[in-house]
Amino acid sequence: VEAVHLIADGKAPRIPQPKEGATYEGIQKKENAEISWDQPAAVLHNWIRGHDKVPGAWATIDGQVVTFYGSSLLDASVPAGQELAIKGASRPGLITKNGLVVFGNDGKMVLVRNLQFEDGKMIPASKYFSADETAALELTEQEKKMAEDIR
């Protein structure tokens, strides 16, 4: 009760928190979250996961900023996939059926599951090369009749 009264009267002591021993890192900004590729796979994974969801770790692919989400360390043989050039990376990434595989400077791999483009569109990384394809909807005769009945 006494503390509440001191605060209400504006007489409570104000002791600034010392900076020494503080663990607060402040708000991360997007421009500071670019991925530096000359690092071991574990560091790349920690960087991507540490910036997942905000602000999002990013790299430049085909002249566009692409944000990486959902990484995991991959401890297997190099999977089959389509190469993807990433600015600053010493080795191209691989688009595989499970996602985008990127390589650390130690030769180990990180699997990235989702990618987000500058326009906000997010896709599974495994669909990178098929992201622009659109599929036409083909209706069977029975479905066409049903659609006509509904109209």
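Predicted model: local features only at pLDDT ≥ 70, side-chain atom pairs only at ≥ 80, totals over all residues.
Modeller: Residues are numbered from 1 along each chain as its sequence is written, and side-chain values use heavy atoms, with hydrogens and water left out.

Colleague: Which feature does UniProt place at residues 29-130?

Modeller: The name comes from an unreviewed UniProt entry. UniProt positions are given in the numbering used here, feature names are shortened, and annotations may be inferred rather than shown by experiment. Over these residues the chain is 10% helix and 38% strand; helices (H or I, at least four residues) and strands (E, at least two) are DSSP runs, numbered from the N terminus.

Colleague: Is H45 buried or exposed?

Modeller: H45 lies in helix α2, residues 41-50. Buried means under 20% relative accessible area, exposed over 50%, and partly exposed in between (1.4 Å probe, protein chains only). Because its relative accessible area is 15%, H45 is buried.

Colleague: With which side chain does the side chain of H45 make a polar contact?

Modeller: Leaving aside neighbours within four places in sequence, H45 is in contact (heavy atoms within 4.5 Å) with S71, S72, L73 and V110. A polar contact is a pair of N or O atoms within 3.5 Å; within protein, one must be able to donate a hydrogen and the other to accept it, and residues adjacent in sequence count only if both atoms are side-chain atoms. At 2.7 Å, the polar partner of the H45 side chain is the side chain of S71.

Colleague: How many salt bridges does a search of the whole structure find?

Modeller: A salt bridge is a side-chain nitrogen of Lys or Arg within 4 Å of a carboxyl oxygen of Asp or Glu. One of them joins the side chains of E148 and R151 (3.1 Å, N to O), and R151 is exposed at 74% relative accessibility. The number found in the whole structure is 4.

Colleague: What separates K144 and E141 in helix α3?

Modeller: The side chains of K144 and E141 meet in a salt bridge (3.7 Å, N to O). K144 is partly exposed at 43%, whereas E141 is exposed at 61%. Because they are 3 residues apart in helix α3 (residues 141-150), K144 and E141 are separated by about one helical turn.

Colleague: How far apart are the closest N and O atoms of D149 and K145?

Modeller: D149 and K145 are 4 residues apart in helix α3, which means that about one helical turn separates them. D149 is exposed at 55%, and K145 is exposed at 53%. In their salt bridge, the closest N and O atoms are apart by 3.3 Å.
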